Every structure is written in structure tokens, then in C-alpha cells.
Amino acid sequence: MSVSSLAEPRTLAQRLAEAEATIEALLSGQVDAVVDPRTSTPVLLSKAQAALRQSENGLRKSEEQYRQIVEATSDGIVKIDPLAQVVFTNRRFARLLGYQVSEIVGASLFSFMSDAVKSTLLKSSESRSSGGDAIDVALRHKNGAEVATSITATVLVDDAGMPVGHLAVVRDVTEQMKLQSQLMVSDRMASVGTLAAGVAHEINNPLAAVIANLDYVSEQRRLLLDADPALRLYESFLTDIKGPLEDAGEAARRVRLIVRDLKVFARSPEEEPTSSVSVTTTLESAMRMAWNELRHRARLVKDYGPVPEVQVNEARLVQVFLNLLVNSAQAVPEGSADKNEIRVTTRAEGNRVLVEVSDTGVGIPAAIIGRIFDPFFTTKLAGVGTGLGLAICKRLVTDMGGELSVASEVGKGSTFRVALPLMSALTTQKVPSIRPALASARRGRILVVDDEELIVRAVERSLGKEHDVVATMGAREALALCARGDAFDLILCDLMMPDMTGMDLHAELIQIAPELAANMVFLTGGAFTPKAREFLAVTSVEHIEKPFEPANLRAFVQRYLRVSNVPALVT
Amino acid sequence: MNRSPGKKKPSLVLRLYVAGNAPNSVRAISNAQAVCDEHFAARYELEIVDLLDHPHRALSDGVIVTPTLIRLSPLPVQKVIGTLSDTNRLLLVLAGQ
């Protein structure tokens, strides 16, 4: 083999010079490779070899680093060719859809979408530019379920700028969407709360007047009928109006119950006293209350596991269980109690207490199960349910720091689960003062302060027979009476009044007539300003909620007067 | 790999044999390019040949080690072996007769 094909034959001197230069380069370490003329095989010198190896290692290392990044990211990464075939994917994407990486590579990305999603995507891709914007795509999991994702795709181009496919970053947004819808629900609940507070206030004042006056008319009717034989002429009339009066009273009371239920959404749970409550005892008392609803429809099965006590408001917990039990009972058709079952289970799990109420009723269709905790959502006939029961349960359980959830199958039944934390965050405890009951009624002098004329008159009528009632329409007037030295055994005062509030009056009285301030009781309409809420939370002044039953109001006043330390100055 | 920054027929034609990205070869490439760009701008052609890919070509050019730079034109053919870091000596060879 010729060593030189170059034009001129080399002289010996040139060859020697070349050889010398080669040796010099070799000795000074400037040579990388030598080619063996006999075999034409290039041989890398060890130093160069090591260096090359190092750079290869470096390449491998940086490749490994990128791999790690691609695998560690919480997003799915997919590379597809122009025909949408998957060329590369990370494990995250495969897991998102329930596959192995090897099952995904080579498949068409469209095979993980429903036809509808695919055609929408293809249609929209025409109008989209090179990408960069995230689009929402529902992918199909191996098990058939839909996975909500947000996909950001970038066009990949080769050295010549020709498109060679797409790189897609796929984010699982199932959780995000769940949170969003929860947020919307809690938003809705907040507006219901605001609405409820307003409605409660607007309705309770006139309603108090309606109830008290109906009561008064009924009472007068009874007295007329009993007392005066001369009025016998009107006996049939008086008898006839008994029914309508009772109906009106019943209807007004129903309005009151609805408003009271609504107020659950407007109340602040911190105001309610909590205590250590036995879940099973609470369940038992709810069952006793619901017994009439339950017994004709299903067998009641109790499956109580040992559970620790929870720190909640007991009355509220009873309300929750009662609502759930009645709800379960109503899901079961009447008449075949032996075939149906309502099962109540308690058990401890971690730091929670789980209470489940299951029925073998009609079940809840999937289409509406998301709405059953919405206020005013009901499937029951008008008059049977207001659509507030489950919404109230949800709200109460949430306020207890717990969770209310449901699982249901149409035709098989539903299970409602209440999960309560062992230690509630609500630790404030307020023990209501109990006044010892004494005998004999006594006549007292009572000042009524309310800007609502209807209320003032209703209270006057309710208490007028047993007590001396002084009525005022504003706190200033009341203050003037007190300032000039009038004495009262009891001051029934509206809390929220425009010009001067009940709280202001109370503060003034403490200054000028502390013994009268001590005799104040507030009438509250349900809506509180934050200031009023705070005031009620710390004050020792009692309050009565409007609308009140006249009989209850009378009983309250009697009880109050019996234990009152200040003797009446009026004979 | 041909490099012909100018459109005119180049007055200096060079061929540099290297061994992949081995360090001395990389150094030789960058040294050759720097000197040529500075002193023969637009009038040179530098071909870089990888010995690992073309051992036969190297042997036919009488090259048995890399890096080796060959001046093909103008004649006579000249060779420089090593990293070409001695700029003065390189210039002497490239510009000399």
C-alpha cells in the first residue's frame, strides 16, 4: 500500500523531518490517534480515549438528568409524530391513563379519547395556531373512566424547520375541577346564608305579630264563649271560627319552622355551646324522635362499634341524625317494613368517628346526587319536604369540622356518612344559666321597647293581662322613662333598632340605672351585625328569639319575675 | 466537510485529519480556523476529515497520526503535526514555499 498518493514523491529529508515532527508531537502529548498502516485500523491513544469516554459519559449523564426531570415532573409528557402516534411518553402519563409506558408508545393518541372529544379536538386544532395555549381534553382511562386533563402542545420541527410532530404536556385537572365545584357550592352556601339572615329578619318581626295576635284572638274567642251567656247568639259563629284560627296559627308556625331552619345557614357556629357528646346516645334520641316515621317503613338495625365521644353541640348533632334518619325513611316506600332496613353504624377510624345511616330505599340517580345537599333541592312532594334537611345536615356537620358524604345506587339504597373529628376546633363552652323555678305567679311592671309597632302591640296583648306593660317605640323614649326614675321589673328590648340600639340603651342604663340594666332581656329577630353577635356572645343579658309563642313568653316572664332580685315598685 | 468562506477560487487549500472530538483534535481545529480566518480570510478552504471514519484516506495522504494538517495548495505539499498551537510556525508552513 502506498503511503503517499500526493503529487510529489517525498525526499528522504522530508520523510525524516516528518518522522521527527511525528515523534515530537507524540512525546509532547499532542497526538490523539495513530492509524496502523498494516490493518488500516485507527487506534485512539489512551489519553484521548479517556477524554472521549468522559465526554460520552457526560452526554449519558446529562441525558440521564433530563430523563429524571421528565420522569419526576407531575405532568404527563407525550411526544407524538404528525400522525398522532405516540413516540415517547413518561411514566406519569401512562399511569394517568392506567397503562404501562410500553402499551402507550406506538398507539395513536386519539385512541385515548372518545370519538366526540377527538372530533372536537380536530375541529378546534384547525383554528388554533402553533399551540402554546392549554386546552381541556377528557382522556379515557383504561378502566373506561374519563380523566379531565389540560393539555399544552408545542409543535416540534426538524433542522430544516419542517414539523415532525408535537410535544404535549398533560396535566391531570380532576382534583382542580373537584375543588372548583366545591368552591362554587360553598359560594352558593354563603349567599344562602346572607339571604337567610335577611329573610329571617324581615319575616320574624311580622311573624311574631301574626302568631301573638292569632293567639290573642283565639284566647278572646274562648273567653267570650265561656263567660257571657248573652253572647250565646254568636255561639255558632264563635265555634265556626275556631278551625280557621287554628289553621292560621298552624300555618304561621310552619313559616316559623322554615325560617328557623334557614337561620342555620346564617348563624355563626361559635355561638353555640359544645360539650363531650356520646354519638350513640345522640343517635338513640334521634331514633326516638324519628320512630313514627321509621316504624312503618323499615326495620331499624343498630350496628354500634365502640367510639369515643366527640366535642360538638349535642342539639345540632341530634338534628343531623334526625334529618338523616327521616330522609332514609322517606326513601323507603311505605308498607313493607319487613323487607326494608335502615342500618345505623358507628365506628372509629383514625382520629375520626364515622356514623353511617344506610337504607334499602329507592336510591339517588347519579344525575342529581351532586345537588342533594343544595338548599331547596328536593325530590319530595311539595309540603313533604322543604329541600332544606340535607343542606342543613351538610352545613351543621361542616361546622363541626366533619364531613357529610353520600353513596347511592338506584334501586338498592343510599348510605349517608357523617365523619366527625375527635377533637373539634370549637372548644368555647357556654353553659346557659338556669334560673331556679319558684312557685306562684306575680304581677310585674314591664317596659317593651321595639321600633316595630306590631311587635309592641303583640307583646302588650300577650302580657297585658298578667302584668303592667309600658310600651315605647324607641330606645331614647325608654331611656327617658328610666332617667326620670321609672322602675321596671323587666325591660324587653329589641336588639337592633335604627336610631339607638338595644345595646346602646343597655350601656346607658348601666351608667344611670344599673339595677334596670340588670333587668334587661333582648328580643332578637335573627339577623345580627358582627358587633351584635359579639355583644351577645359576651354579655350576660338573656335574649328571646322572635317570633315567640305568647305562652312561652308569658312563662318566661313569670320565671324571670320569680327570681328577680328587684321588687316591683308598683302595686 | 468543506469550508469556503469566499466565492473566489481559494489560494490556500488545507486538509486537517482529526480523531473525533478527542481533545488535541478539537484544539487543532480551532487553532487552524483562527489562524486562517485572521491571515487568509476568504481565500482559504479547510477540509476536516475524521481519521476514525476514514483511515484509508488518511493512509493514502500519508497521515498516520492525528491531528495532522496538510497544505494541499499551493504546492509543495506541507504537513504540520500536533495541536497547531505554535501560530508562528504554522504561519511559516502555510505561507512558505
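**Salt bridges in chain A**

A:Asp75 and A:Arg171 join their side chains in a salt bridge, with 2.9 Å from N to O. The model is a predicted one. This pair ties together distant parts of the chain, 96 residues apart. A:Asp75 sits in the loop between helix H2 (46-72) and strand E3 (76-80). A:Arg171 belongs to strand E7 (residues 163-172).

The next pair lies within one helix. A:Arg395 and A:Asp399 form a salt bridge at 3.2 Å, N to O. Both residues are in helix H12 (residues 389-399) of chain A. They are 4 residues apart, so about one helical turn separates them. A:Arg395 is buried, and A:Asp399 is buried too.

Now turn to A:Asp486 and A:Arg445. Their side chains meet in a salt bridge of 3.6 Å, again N to O. Here, distant parts of the chain are linked, 41 residues apart. A:Asp486 is found in the loop between helix H14 (475-483) and strand E17 (490-494). A:Arg445 is in strand E15 (residues 445-449). Both A:Asp486 and A:Arg445 are buried.

Salt bridges also join up into a network. Which residues does the network link? Its members are A:Arg347, A:Glu349, A:Arg352, A:Glu356 and A:Arg417. Over all chains, a search of the whole structure finds 31 salt bridges.

Definitions and conventions:
Residues are numbered from 1 along each chain as its sequence is written. Chains are lettered from A and ligands numbered from 1 in the order in which they are written. This is a predicted model: local features need pLDDT of at least 70, side-chain atom pairs count only at pLDDT 80 or more; totals for chains, interfaces and linings use all residues. Side-chain values use heavy atoms; hydrogens and water are left out. A salt bridge is a side-chain nitrogen of Lys or Arg within 4 Å of a carboxyl oxygen of Asp or Glu. Helices (H or I, at least four residues) and strands (E, at least two) are DSSP runs, numbered from the N terminus. Buried means under 20% relative accessible area, exposed over 50%, partly exposed in between (1.4 Å probe, protein chains only).
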